[in-house]
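Hi,

Here is the structure I promised to pass on to you. Please have a look at the sequence and the coordinates below, and then read on for what turned up.

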Amino acid sequence: MTEGTNGMGQNASSGKRETRVIEPGKTIGVLGGGQLGRMMALAGAPLGYRFVALDPVADGPCGQVSAQIVAAYSDKEAAAELAARTDVITYEFENVDAEVAALLEERSYVPQGSRLLYTTQHRLREKAALEAAGATVAPYAAVSSEADLDAAVERLGTPCVLKTATGGYDGKGQFVIRDRSEVAAAYAELAASGAELVLEQFIAFQCEISVIAARSSAGETSTFPPAENIHRGGILHASIVPARVPARILAEAEQLAAQIVESFDAVGLLAVEMFYGKDGKLYVNEVAPRPHNSGHYTMEACITSQFEQHVRAICGLPLGSPDLRTPVVMVNVLGEHLDGVNKLILSPESVGTDLVRPKFHLYGKAEGKTGRKMGHINLLCGDTADALAWIDNAGIWPVEGA
C-alpha cells in the first residue's frame, strides 16, 4: 500500500491507494476506443491480457483488436457492464464523464484514479499542481470577462495565448493574441464555448520537448528519453529522438518529469510537454495522463514501448527498460497523407534503406479527414538527419517553407 490522494483505486477512509497485481490472463477495460487503446491492446496481448473497450463508434481502432461495448461515454449502464467484465480499468483520453468516473470508482479498480483526471482536465488546476510539484510554467491569468482579458494582456504582454481551461487539443480551443486590438475577437470566439478561460504568456522557445514518465501502482518510476517535437498547424508533425538539445537539458527534462509523476501520485503514464526556452530554462506546458502521440517512437526504438509500460504500470508489474535502441523520427500520418502512405506501403521503398528503416502503423479509422490522425511511421536510423531527409524526399508531407 502506498500513500496517495483520494480517488479511484483508493481507500477513502484511510487515504491509502489500493494496490493490486493484475495477473496475465485477466481483462483490462479501456475507456475510449481510439488508436491509443488499440496500441495498448496490441502491446498487452503478448503479456497474456485480454481487453474490452467502451466507445460509441463500432469497429473503431481499438474495437478491431479487442472486445467492445458500443455505447456513449456518459452511459452509466455501459460503464457498469465494463466494470463487470474487467479486472482493471484504464482510459485513453482525459475527458471522462464525471458521473461515469464516480460509478467506476465505486465498482471497479481504476489505479490511475479520479484525482489525476480532476487535475489534468482543467488547465488552471493543472498549472497549480505543476507549480506545487516544483515545475516552472509560463506566467498565466484566469479570465472570466473581456475586461479580465484586456487587463491580463496588458500585464503579460503580446504575443500571448488565450485557451479554454477544459477541452481543446491539436490547436483547438486556442487563440494567439498578437496585438491588444484582438482582445475582443479572442474573447468572443472562446467564451462562446462556455468554458473557463486562461491566458498564457508566450514563451520564446528554442524547441518543444516531451518526456513520457511511468509510475506503477507499486510506486516504481521510469522515464523515456525526451522527444523533440515539431508541430504544423497546431498538430504534432514529427518527434525526433534523441532530442537535439544539450545533454544537461535532456537530463533535467527526465528528472523534472519524474518529479511531476511522483508529485501527482500518478499511476500509469504521464506525458509531460515542455518548452526549452531561449533563456535556457524548461517551462512545462501541459501534461496528459495516458500514452501520448510523442511517445509513439518507443514502439520499435525502445526496449519497452510506452504502451507495454502503461500496461505494466496499471497491472502492478515491474516496469520495463525504457532505454533507446536506436535513433528514430516518428512522423504522423494525417488524413491528407493517407493515400500517399498506402501507395508507399505497396512499393519496394516501404522496406527502407541501410540508412532508414520505416515501420508503419495505421489505425484502421474508417474516414481519412484532413488533419485527422490516421497513423504514424517510426523511422529507425543511425542519424536522425537521414530520417528527416526521408520524410522530405517521400513527397507525402509538404516541405516546410516550400
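Let me start with helix α6, residues 146-156, where Leu149, Ala152, Val153 and Leu156 are buried. These residues sit on the same side of α6, because the arc they cover around the axis is only 100°. The opposite face, turned away from the buried side, carries the exposed residues Ala147, Glu154 and Arg155. What do the buried residues of α6 pack against? Their partners are β8, β9, β10, β11 and α7 (183-191). Please keep in mind throughout that this is a predicted model.

Gly157 follows α6 and has a positive phi, near 85°. Then comes a cis peptide bond between Thr158 and Pro159, with omega at about -5°. Pro159 belongs to the loop that links α6 and β9.

That brings us to the sheet. It is an open one of 4 strands, in the order β8-β11-β9-β10, and the pairing is antiparallel. Which strands stand at the edges? They are β8 (140-143) and β10 (174-177); each has a single partner strand, so one side of each is left without a neighbour in the sheet. From one strand to the next, the twist averages 20°. Inside the sheet, β9 (residues 160-164) and β11 (residues 197-201) run antiparallel and are joined by 5 bridges.

As background, most residues other than glycine have a negative phi, and most peptide bonds are trans. Besides the cis bond already mentioned, the peptide bond from Val241 to Pro242 is cis, with omega near 5°. Pro242 lies in the loop between β15 (235-241) and α8 (247-263).

Two aspartates are worth a look as well. Asp59 is not a glycine, yet its phi is positive, at about 55°. You will find Asp59 in the loop between β5 (50-55) and β6 (67-70). Asp265 also has a positive phi of about 55° without being a glycine, and its place is the loop between α8 and β16 (268-277). Are these two buried or exposed? Asp59 counts as exposed, because its relative accessibility is 55% and the cut-off for exposed is over 50%. Asp265, in contrast, is buried, with a relative accessible area of 9%.

Now the cysteines. How many disulfides does the structure hold? The number is 0. Cys207 is in no disulfide, and the nearest cysteine sulfur, that of Cys381, is 17 Å away. For Cys302, the closest cysteine sulfur is again in Cys381, at 13 Å, which is too far for a bond. Both of these residues are out of the way of solvent by the accessibility count: Cys207 is buried at 9% relative accessibility, and Cys302 is buried at 1%.

Two single residues are left. Ser305 is in the loop between α9 (298-301) and α10 (306-315). With a relative accessible area of 11%, Ser305 counts as buried. Its side chain reaches the backbone nitrogen of Glu308 at 3.0 Å. Leaving aside residues up to four places away in sequence, Ser305 touches Ala43, Phe224, Thr298 and Met299.

The other one is His231, in strand β14 (residues 227-232). His231 is partly exposed, at 34% relative accessibility. Beyond residues up to four places away in sequence, it touches Glu208, Leu236 and His237. Of these, Glu208 is 23 residues from His231 in sequence, while the two are 9.0 Å apart in space, C-alpha to C-alpha.

Happy browsing, and do write back with any questions.

Best wishes

Terms used:
Residues are numbered from 1 along each chain as its sequence is written. This is a predicted model: local features need pLDDT of at least 70, side-chain atom pairs count only at pLDDT 80 or more; totals for chains, interfaces and linings use all residues. Side-chain values use heavy atoms; hydrogens and water are left out. Buried means under 20% relative accessible area, exposed over 50%, partly exposed in between (1.4 Å probe, protein chains only). A polar contact is a pair of N or O atoms within 3.5 Å; within protein, one must be able to donate a hydrogen and the other to accept it, and residues adjacent in sequence count only if both atoms are side-chain atoms. Contact means heavy atoms within 4.5 Å. A disulfide is a pair of cysteine sulfur atoms within 2.5 Å. Two strands pair if DSSP finds at least two bridges between them. Axes are lines fitted to C-alpha atoms, for helices over the stretch in contact, and angles run from 0 to 180 degrees between N-to-C directions. The arc is that of the directions from the helix axis to the C-beta atoms.
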